[in-house]
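Welcome! Please take a look at the sequence and the 3D structure, and then read on for a short tour.

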Amino acid sequence: MKDGGVVRSGIPAAVAAAAAILGVAIVIAWVDLAPRVEPDFFFSADDPQFRATEAISNRFPSAAQIIIRAGGDVAAPDYRAAIRELSDAVRGTEGVLSANSIATDDAANSPLWRRLLLTPNGDASNLIVQTDTTDPRILVPRIESVVRRFDRAPLALELSGVPVVIELIRRSLLRDLIVFSSAAFVVFGVLVGIVYRRSHIMAGMLAACVAACSATLIITQLLGMSIGLLTANIAVIVFVLTLSHTVFLTENWRRACQNVDTTDSVAAALGMTLWPSFWCMLTTLLGFLSLQLASAKPLRELGMVGAIGTITALVVAYTIFPAFLRLAATSPDARPDAREDFFASRLPVRHPRRWLFAIAAIVLLAALGVPRIETDPSLLSYFARGTELRDGLELIDHDGGSSPLNVVVEDRDGGRLDTDAANRKMWALQELLEADPDIGVTLSPAVLLAHAKNAPLAGLLNWSQLLDVLGSPMFNRIALSFVTSDRTQGLFFIRMRESNRTGSREAAVDRIDEYVRSSGLNVVLIGGQFELQAQLGRLISSSLKLGLGGLITLFVVIAFVVARSKRVALAMVSCLAGIPLFVIGVMGHAGAAIDIVSSPAANVALAMGVDSMIHLVVRARRLAAGAADNWSAWVEARRQLWRPILSAAVIICAGFGIFSLSTFPPSQRFGVAVILGTLAAAVMTLIALPFGAAAQLRHRQTRLAEVIRS
């Protein structure tokens, strides 16, 4: 179609809006938005970190366990009657294999049941529930339904166990995905309307962002990828990536309206913005793809889905949004006011060394907090302090631990474990473990054999014969859960305490290894949730160090290609390096943990910083051809782009600020970290980068008046 002799290309706005609405409808009707959290705690079966845990599970088969803590007067008759009814109800629940309690087993006289069923203070007892392979999304609600029926005097019930924690994390992610992502979109929309005050622009930005999010979710569903631990926030991340493209495209369109006819302004804006947007997309894409090298499954998932979202954001932004700009270009007030921007005239142009020194000092001061950052937080940190849920988990954790750790041992002399000598060594290890304050309930072959000795006529059997009996179908082959069939290896099942842990998980595992060796045994394998969390903490720490460092090194090449100047490239990389240092350092000073959910926040903030810097560098390079010196080109580029840089920063901060209101602490930390990084990126882009990149420092003050007048 032609308008005034100018060819109008691109899809109509009505078609673009319809595509966005259709995308949302497909997501609602077809895409599974329920996050999946794996029982192996953030590792897939092919991860090297998971192999030891999988090997232990295959060697010592056992069922998943749920703990129901029943507070009350344990000695009271009505308490025991209620426990019996609760045990019967739980045992009759589909998916439950067995339920043991003080009403079904003699806890007082059994070394095994005394450890499992009684609490140290005697103010509660436990009901140990063995479950089958039913998905926690199905099983846990069934157990909760039973618990709600009996959670009244004389019982005060709390739930814990790996399936319960998995389900609670999944629910928190789902709640945040629906509630806070929707709220963030509303905030984004309101702020876009306030900043640009144009209905076509606001509608276009929202349509493009929503379409990009929908397309990303649809593509991932087509590829068979489900929403996971980290990808639950991908909708907001893609929304922000798309918004960044549209903000700079809008600003360039506003500027083009001052120089060309409004019917040509969209084409001019596209030509001015597409090249730097492509480089922004490429840097962000490489950042997400670098996560494919990570060992943790959620980081790899985020890398793949983020890469899809990054490409989708660029394609959708330049396909859908221009249609709405064309509508805005035909309205009477399309030409913006060209007067000098009040804020731009007050950006610092004097004393570059002072400003650079001040910014560097702030970053270095923040960086002092980096060594204090906690990358191995307690699993309880996934739940907010002071809530009923967190308090209940802490009670169970305090009683006997909540994080399973499996240690496979063998006799140092190579002998069998069904001998008197080996049994003494295992009891020595049992006593060392139970004396450690970080260790709760510990079960072992020694405890199992001591329990079996209480049976009538059991004293007539030796250790080998007892294990034969316990390994028979009559006793559900329980011996095979603790000792291999050849009797050369045994399993110590330990519940580690997460609250008030005296040191890192790695230090606790090292202590246990020392206990084993001092008892005359050797460690064969160590696995379980506690060990997986320890390895995850190490992976997060290495990801922050090597991953961000590798990204910044990669950006050196891209910065040089974009800037075509060693000095400008060095300034860009220095500013980019300061962003994660500031974010991580501030969180370290605040004592905030960086867990698997909040760890990508620095990468997201880095991507935001790259976008703004690339647009500013490309604009300054274009302006430098006609400028008297480099500094005047940087001042003019900053004057032209301060609005989209700050607008994007304000909108992003407000949107991610919604996550600070989440009841899921990792989402809170993620939102706060992105806000810190976005603010740091804006300061680096508007102040540090121009001062560091301009070559003629000594001419700045003398040309100040001339530059501002021009």
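What follows is a short report on confidence and salt bridges.

## Confidence in the model

This is a predicted model. The average pLDDT of the chain is 84, and 89% of the residues score at least 70.

Two stretches call for some care. Over residues 1-9 the pLDDT stays under 50, and the model has eleven contacts beyond four places in sequence for them. Residues 704-710 also have a pLDDT under 50, with five contacts beyond four places in sequence.

The whole structure holds 30 salt bridges. One of them joins E94 and R142, whose closest N and O atoms are 3.7 Å apart. This pair links distant parts of the chain, 48 residues apart: E94 sits in the loop between helix 3 (77-91) and strand 4 (96-100), while R142 belongs to helix 5 (residues 136-150).

E94 counts as exposed because its relative accessibility is 57%. R142, at 27%, counts as partly exposed.

## A strand tied to a helix

D411 and K425 form another salt bridge, with 3.2 Å between the closest N and O atoms. D411 lies in strand 7 (residues 403-411) and K425 in helix 13 (residues 420-435), so the bridge ties together parts that are 14 residues apart in sequence. With 7% relative accessibility, D411 counts as buried.

E167 and R170 are both buried.

Through shared partners, salt bridges join E144, E167, R170 and R171 into one network.

Key
Residues are numbered from 1 along each chain as its sequence is written. This is a predicted model: local features need pLDDT of at least 70, side-chain atom pairs count only at pLDDT 80 or more; totals for chains, interfaces and linings use all residues. Side-chain values use heavy atoms; hydrogens and water are left out. pLDDT is the predictor's confidence in each residue, from 0 to 100. Contact means heavy atoms within 4.5 Å. A salt bridge is a side-chain nitrogen of Lys or Arg within 4 Å of a carboxyl oxygen of Asp or Glu. Helices (H or I, at least four residues) and strands (E, at least two) are DSSP runs, numbered from the N terminus. Buried means under 20% relative accessible area, exposed over 50%, partly exposed in between (1.4 Å probe, protein chains only).
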